[in-house]
Amino acid sequence: MAHRIISTIALTGARVFGRAFAEAYKQASASQKYAAANSATGANTLSSSGLTLDEACRILNVSPPKGGQGNLERVHEQFKRLFDMNDPKRGGSFYLQSKVLRARERLELEAQKLNRQQQQAPPPDQQANAPPGS
């Protein structure tokens, strides 16, 4: 009689855990599909390192790039200063040094994207003088 009760409990428990595992797998799969579907819009805010543009600007204490090279010079100055300050050989943090590096890469990526957009768009005076219907 005891073996029957124990086997019933074990089978019921296995069934419950099996269903819970299957449900968790479905949710994880749906989440992954959602993230993949929205990767086109996610590419506007995230780079491969996972930093947002705002977070990268806060790390390096700079304003978001607006297409000018002067802003990149400021980014590089801040990067050099913070990267050297966090050198592990001088008692700094490798983690913070990595964050500073990823922030610089993210801001450079954004500046490159803005430069490409500016090169593809015709100058504003050509848009105003374009014939109607074009």
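Helices here are DSSP runs of H or I, at least four residues, numbered from the N terminus. Arg-74 sits in one of them, α4, residues 69-85.

Quick ground rules. This is a predicted model: local features need pLDDT of at least 70, side-chain atom pairs count only at pLDDT 80 or more, and totals for chains, interfaces and linings use all residues. Residues are numbered from 1 along each chain as its sequence is written, and side-chain values use heavy atoms, with hydrogens and water left out.

Back to Arg-74. Buried means under 20%, exposed over 50%, partly exposed in between, with a 1.4 Å probe and protein chains only. What does Arg-74 touch, leaving aside neighbours within four places in sequence? Asn-61 and Val-62. Contact means heavy atoms within 4.5 Å. Ser-63 is 11 residues from Arg-74 along the chain, and their C-alpha atoms are 9.4 Å apart.

Asn-61 leads us to α3. Asn-61 comes just after that helix and has a positive phi of about 60°. Within α3, residues 53-60, the buried residues include Ala-56, Cys-57 and Leu-60. They lie on the same side of α3, because they cover an arc of only 100° around the axis. That arc is taken from the directions from the helix axis to the C-beta atoms.

Last, the start of the chain. Met-1 lies in the segment before α1 (2-37). Met-1 is exposed, at 71% relative accessible area.

That's the tour. Questions, please.

Methods
Helices (H or I, at least four residues) and strands (E, at least two) are DSSP runs, numbered from the N terminus.
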